[in-house]
Amino acid sequence: MAFWKWWTGIVLLGLVGGFVQYQYSLFGFIYDKDPTRITLIIGLIFMLTTIKIGMESWRQQFTYDNTSRTDLLWFSSDVVMSIGMVGTLIGFLLVLTTTFTDIDTASPSAMKAVIGTLASGMGIALMTTLVGLIASIILKFQLVMLESYDEKI
């Protein structure tokens, strides 16, 4: 039953992701607003880990091999969250190192540039954190389903 629970979850995740993409073009927005491309790294790790979880659930259900091989998968779920936090620090560093050098407080155009840099850096910080946390939650949910394959529904 482990594989079918995983498959159902992935299909539902794909449907929700497709709806959000259709309505809000979220993936394009994230790609455009993250110059560090940290969210792409998180997404790649998420996809590879999800595929590996699917392979493990297939193995458990159809080969009746009950040995646990999920240590690296649990580590990956923590890595995506940690990379999101690194993105937060990078966003804050971009704000703090580039914004407050040679500020001309008398010039309205200079102040607009400072506000734009602040918003961009804070956007990177919050976006990478959000993507990392969501990816970690989804991976951990998949892993809990994988490890509870022998329980009754």
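Guide: Start with burial: relative accessible area under 20% means buried, over 50% means exposed, and anything in between is partly exposed, using a 1.4 Å probe and protein chains only. The model is predicted, so local features need pLDDT of at least 70 and side-chain atom pairs count only at pLDDT 80 or more, while totals for chains, interfaces and linings use all residues. Residues are numbered from 1 along each chain as its sequence is written, and side-chain values use heavy atoms, with hydrogens and water left out.

Now the pairing itself. Side chains of opposite charge can pair when their charged atoms come close. The rule for a salt bridge is a side-chain nitrogen of Lys or Arg within 4 Å of a carboxyl oxygen of Asp or Glu. That rule gives three salt bridges.

Take the pair that spans the chain. Asp78 and Lys140 meet through their side chains in a salt bridge, 3.1 Å from N to O. This pair links distant parts of the chain, with Asp78 in helix 4 (residues 71-98) and Lys140 in helix 5, 62 residues apart. Helices here are DSSP runs of H or I, at least four residues long, numbered from the N terminus. Lys140 has a relative accessible area of 26%, so Lys140 is partly exposed. Asp78 stands at 35%, so Asp78 is partly exposed too.

Next, helix 3. Lys52, Glu56 and Arg59 are linked in a network of salt bridges. Lys52 pairs with Glu56, and their closest N and O atoms are 3.6 Å apart. Both residues sit in helix 3 (residues 38-62), four residues apart, about one turn of the helix. Glu56 also bridges to Arg59, at 2.5 Å from N to O. Those two are three residues apart in helix 3, so about one helical turn separates Glu56 and Arg59.

Lys52 counts as partly exposed because its relative accessibility is 34%. Glu56 is buried because its relative accessible area is 2%. Arg59 is buried as well, like Glu56.

One last stop, back in helix 5. Val144 belongs to this helix, which covers residues 108-147. Val144 has 48% relative accessibility, so Val144 counts as partly exposed. From Val144 to Gly18 is 126 residues in sequence and 24 Å in space, C-alpha to C-alpha.
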